[in-house]
Amino acid sequence: MYTAALTGNCLILLAVRRTPSLHQPMYYFLSMLALTDVGLTLSTMPTTLAVLWFDHRLIGFNACLAQMFFLHFFSVVESSVLLAMSFDRFVAISNPLSYASVLTNSVIIRIGLAIVARATVSLFPGPFLLKRLNFCPGKILLSHSFCFHADVMKRACADITVNIIYGLYVVLSTVGIDSLLIVLSYTLIRHTVMSLASSRERIRALNTCVSHILAVLVFFIPVIGVSMIHRFGRHLPPIVHALVAYVYLVVPPVLNPIIYSVKSKPIREAMLRVLRGKRKG
């Protein structure tokens, strides 16, 4: 599954890079999404492989904190990229004549830098807030095969009120706000689409959003599942926690390339050209 995730997203990156006709805002944002999924997959592989083939104790506490930072970093970045893509769809549908002038290369670069800065500032305090805690020797086993903030802090033999407040703040100020703004974007898109005179134009406009809507669902449903399991599923067997965690880690990076290659003919054709070029090479 990790190989499929890395292969699919790297193909999208190569396809967009090597195809001049895909040098458009929508595909630049898709490249950001693919690059984020590559980072998310790579950030979770070391811990998962250590759990499956070695020993969880081989993963030092500092390595766990670093892995936790990058895991949550790429999750926040992916949420922000999906929000940027919803803005891209709103501009393309509501004001197509100004699309190219609004989403210029410089604007896209600034959006990308803002996404990275937001994730870094939001998550930078996390490892330090955990490192100040004392952890119980008998509570070293994690519920998941990766270092999840909510899971790690519960292993502490200390007051974790500050960590709980911080975790809630990060979730609400990033994924929470992003999800609300994505819903707002599609509310405005729906209003614009319904004002179109022709039903064929309405279907064509909505069809350009299908891939993004599926990507949003593929990302946010596992995120909600992990959060709900941690909040209300303490009595559930460990296998349920592990299964939800694997879905959260693997499903979005694996399915996103499939979604966009199936629904987007230009992406599909560009990916096939990359594969044919590799075979000839």
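1. Helices (H or I, at least four residues) and strands (E, at least two) are DSSP runs, numbered from the N terminus. The model is predicted: local features need pLDDT of at least 70, side-chain atom pairs count only at pLDDT 80 or more, and totals for chains, interfaces and linings use all residues. Residues are numbered from 1 along each chain as its sequence is written, and side-chain values use heavy atoms, with hydrogens and water left out.

2. Start with the record. An unreviewed UniProt entry annotates "transmembrane region" at residues 28-53, 65-87, 99-121, 164-189, 210-233 and 239-262. Positions follow the numbering used here, feature names are shortened, and annotations may be inferred rather than shown by experiment.

3. Two of these spans can be set beside the model. Residues 65-87 are 100% helix and 0% strand, with end C-alpha atoms 33 Å apart. Residues 99-121 are 91% helix and 0% strand, and their end C-alpha atoms lie 30 Å apart.

4. Helix H1 covers residues 2-18, 17 residues in total. From first C-alpha to last, H1 reaches 24 Å, close to the 24 Å expected at 1.5 Å a residue; the expected span is 1.5 Å times one less than the number of residues. Buried residues in H1 include Tyr2, Gly8, Asn9 and Leu11. Buried means under 20% relative accessible area, exposed over 50%, partly exposed in between (1.4 Å probe, protein chains only).

5. Now helix H8, residues 161-194, which holds isoleucine 177. This residue is partly exposed, because its relative accessible area is 40%. An α-helix has 3.6 residues a turn, so residues three or four places apart point the same way.

6. Histidine 149 is in helix H7, residues 149-153. Its relative accessibility is 10%, so histidine 149 counts as buried. Beyond four places in sequence, histidine 149 touches Met68, His72, Leu130, Asn163, Tyr166 and Gly167. Contact means heavy atoms within 4.5 Å.

7. Asparagine 256 is buried, because its relative accessible area is 2%. Leaving aside neighbours within four places, asparagine 256 contacts Leu33, Asp37, Glu78, Ala215 and Val218.
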